[in-house]
Amino acid sequence: MDASQNTTGIGGSGGNGTLVPQTNDTTGSAAVDDPKQNLNQVINSIQKTLGLIHQLYLTVSSFNAASQLPLLQRLNALVMELDNMAKLSEKCNIQVPMEVFNLIDDGKNPDEFTRDVINSCIAKNQITKGKTDTFKSLRKHLLEELEQTFPDEVESYRDIRAASAAETKRLAQAQSTLPNGDVKVKPEL
């Protein structure tokens, strides 16, 4: 178990109540640039920083002359962890919309932004679905009218459409081959 997986607490504690700084070992995993692992390392660093800030708060709130050395050690540990967090965050490419920061600054829950975006997408999806259904209905109506007037031409049109659809489906399946040889297949609705 490495230092980043320490479950006994943030940082370590010496026998006299002083903080023994622990660092996240990123040198062993420097060869691997897994975005999920990088994000987990930043999250662990944030949690460790919060723990160090809490320890610092406890030290400052009960400060006396004897606690000056532990205070300095905790300050140094906090600075080291903030530096470590900055280095780890350079490996993460996370983009947060400014609206989320504005909501946080206004004291609101950032989940409201997510809810609003999802509701907006649902509304746009319903509008698009309505347009699609309308065009399908128009196409069906036009084919019915054309079939009454030009039955031979409509039959020829349907044969051409069926052949074109089969060719398009064959090309799509040929292009959707995965590197391991499997084929991505979309279920027909």
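Leu-39, Ile-43, Ile-94, Val-96, Met-98, Phe-101 and Ile-104 make a nonpolar surface patch of about 610 Å². The patch rule first: patch residues have over 30% relative accessible area and no salt bridge, with nonpolar side chains (Val, Leu, Ile, Met, Phe, Trp, Tyr) joined within 5 Å and like charges within 9 Å. Areas come from the Shrake-Rupley method with a 1.4 Å probe, and for residues only the protein chains shown count as cover.

A word on the model. This is a predicted model, where local features need pLDDT of at least 70, side-chain atom pairs count only at pLDDT 80 or more, and totals for chains, interfaces and linings use all residues. Residues are numbered from 1 along each chain as its sequence is written, and side-chain values use heavy atoms, with hydrogens and water left out.

Back to the nonpolar patch. Which helix gives the most to it? H3 does, with three residues. H1 and helix H3 (98-105) each supply at least two residues. Val-96 is placed in the loop between H2 and H3. Val-96 has 38% relative accessibility, so it counts as partly exposed. The classes are these: buried is under 20% relative accessible area, exposed is over 50%, and partly exposed is in between, with a 1.4 Å probe and protein chains only.

Now the overall layout. The chain has five helices and two strands. From the N terminus on, the order is β-β-α-α-α-α-α. Helices (H or I, at least four residues) and strands (E, at least two) are DSSP runs, numbered from the N terminus. The chain has 189 residues, and buried residues make up 19% of them.

Take helix H1, residues 35-61. H1 has 27 residues. From its first C-alpha to its last, H1 reaches 39 Å, close to the 39 Å expected at 1.5 Å a residue. That expected span is 1.5 Å times one less than the number of residues. The buried residues of H1 include Val-42, Leu-52 and Leu-56, but also Asn-38, Gln-41 and Lys-48.

Pro-35 counts as exposed, at 61% relative accessibility. Its C-alpha is separated by 8.2 Å from that of Asn-93, which is 58 residues away along the chain.

Next, charges. Side chains of opposite charge can pair when their charged atoms come close. The salt-bridge rule is a side-chain nitrogen of Lys or Arg within 4 Å of a carboxyl oxygen of Asp or Glu. How many salt bridges does that rule give? The count comes to six.

One joins Lys-48 and Glu-81, at 3.4 Å, N to O. Lys-48 lies in helix H1 and Glu-81 in helix H2 (residues 68-89), so the pair ties together parts that are 33 residues apart in sequence. Buried or exposed? Lys-48 counts as buried, at 7% relative accessibility. Glu-81 counts as buried as well, at 3%.

Another pairs Arg-158 with Glu-147, where the closest N and O atoms are 3.2 Å apart. Arg-158 lies in helix H5 and Glu-147 in helix H4 (residues 111-149), so this pair ties together parts 11 residues apart in sequence. Arg-158 is partly exposed at 35% relative accessibility. Glu-147 is partly exposed at 34%.

Arg-115 is partly exposed, at 47% relative accessibility. Asp-116 is partly exposed, with a relative accessible area of 43%.

Staying with charge, there is also a negative surface patch. Which residues form the negative patch? Asp-152, Glu-153, Glu-155 and Asp-159 do. Asp-159 sits in helix H5, residues 151-175. Asp-159 is partly exposed, with a relative accessible area of 47%.

Last item: Arg-74. Arg-74 lies in helix H2. Arg-74 is buried, with a relative accessible area of 14%. Arg-74 and Tyr-57 are 17 residues apart in sequence, and 9.9 Å apart in space, C-alpha to C-alpha.

Note on methods. Lys, Arg positive; Asp, Glu negative; His and termini not counted. Charge placed at Lys NZ, Arg CZ, Asp CG, Glu CD.
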